[in-house]
Amino acid sequence: MDLTGKLLIAMPSMGDPRFEHAVVAVCAHSPEGAMGLIVNKPLPKPGLSDLLGQLGIAVAASDRPASAPILFGGPVETGRGFVLHSRDWKGQGPEMEVMPEVAMTATRDILEDIAQGRGPDRALLALGYAGWGPGQLEAEILSNGWLIADGDATIALDPDHATKWTRALATMGVDPRTLSAAAGHA
C-alpha cells in the first residue's frame, strides 16, 4: 500500500518522545522507504523571520512571515528545511505533490517569495524530516505505533498546531480517550 499523501497519527504506545502526539504528512513512500514531515510540533526557535535573516533574505513590510513558527519536521537532517504548501504557488525549482492540494518544496525561491508576500496562501516550514528504511514504517504500523488517516490539506497546513492530533483522529471517528497503548491483532 502506498502511503504517500496520508497522515500518520502517533498512537499513545509510540515509544519515541519526538513523535509523541505527532501528525506526519507522508511525502513519499515506496519499497525503498518513506519520508514525511511532522506538521504539528513548532520549534521554540528560530522563528521564520530569524531564519530568513540568517539566510540573507529580505522581508517585505508585511508581518506575515515574521509571525510564522518553524516546525520540527523530524529527527533526520534537522538543518535542512522543507516547505509544505498549498498548490497555488509554483516556483522555479522542483516540487513534490504530497496530496492533491498540497506540495512540498525544498528550494530557496519559495522562502524568498514568502518573505516578499508572493508565496503560497498556506505554508509551513519544517526543519528536518521523518525517515524510514525499507519495511520500517510498515513494521511500526503493525506494532501499533501509527494510525493512518486520509490526507487532509486543512489539517496539514492549519496554523493551529495544538489541536491537529485530536482533529486528525476525529477524521477517522476516533476519540483519543478511547485509544489504548496495548496492541492487539485479531
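Is aspartate 158 buried or exposed, and what relative accessibility does this residue have? Aspartate 158 counts as buried because its relative accessibility is 19%, where buried means under 20% relative accessible area, exposed means over 50%, and partly exposed lies in between, with a 1.4 Å probe and protein chains only. The structure is a predicted model, in which local features need pLDDT of at least 70 and side-chain atom pairs count only at pLDDT 80 or more, whereas totals for chains, interfaces and linings use all residues. Residues are numbered from 1 along each chain as its sequence is written, and side-chain values use heavy atoms, with hydrogens and water left out.

For the protein as a whole, there are five helices and 10 strands, the helices (H or I, at least four residues) and strands (E, at least two) being DSSP runs numbered from the N terminus. The radius of gyration is 16 Å, close to the 16 Å that the globule rule gives for 186 residues, so the protein is as compact as a globular protein of that length; this radius is taken over C-alpha atoms, and the rule is 2.2 Å times the number of residues to the power 0.38. Along the principal axes, the C-alpha atoms fill a box of roughly 55 × 35 × 25 Å. Buried residues make up 45% of the 186 residues. Among contacts with a separation of 6 or more, 65% come from residues 24 or more positions apart, a contact being heavy atoms within 4.5 Å.

Helix α2, residues 108-115, is mostly covered, with six of its eight residues buried. The buried residues are Asp109, Ile110, Leu111, Asp113, Ile114 and Ala115, and their cover includes helix α1 (48-54) together with strands β6 (76-86), β8 (102-105) and β9 (123-132). After α2 comes glycine 117, whose phi is positive, near 80 degrees.

Two further residues have a positive phi without being glycine. Histidine 21, with phi near 55 degrees, lies in the loop between β1 (7-10) and β2 (23-30) and is partly exposed, with a relative accessible area of 39%. Asparagine 144, with a phi of about 70 degrees, lies in the loop between α3 and β10 (146-149) and is buried, with a relative accessible area of 16%. Elsewhere in the backbone, the peptide bond from lysine 45 to proline 46 is cis, with omega near -10 degrees, and proline 46 is found in strand β4, residues 42-47.

Helix α3, residues 136-142, holds glutamate 140, which is partly exposed at a relative accessible area of 23%. Leaving aside neighbours within four places in sequence, glutamate 140 is in contact with Trp132, Gly145 and Trp146. The C-alpha atoms of glutamate 140 and methionine 14 are separated by 9.0 Å, although these residues are 126 apart along the chain.

To return to the opening residue, aspartate 158 sits in the loop between α4 (153-157) and α5 (164-171). The side chain of aspartate 158 reaches the backbone nitrogen of aspartate 160 at 2.7 Å. Beyond the neighbours within four places in sequence, aspartate 158 is in contact with Ala153, Lys164 and Arg167.

Technical notes: A polar contact is a pair of N or O atoms within 3.5 Å; within protein, one must be able to donate a hydrogen and the other to accept it, and residues adjacent in sequence count only if both atoms are side-chain atoms.
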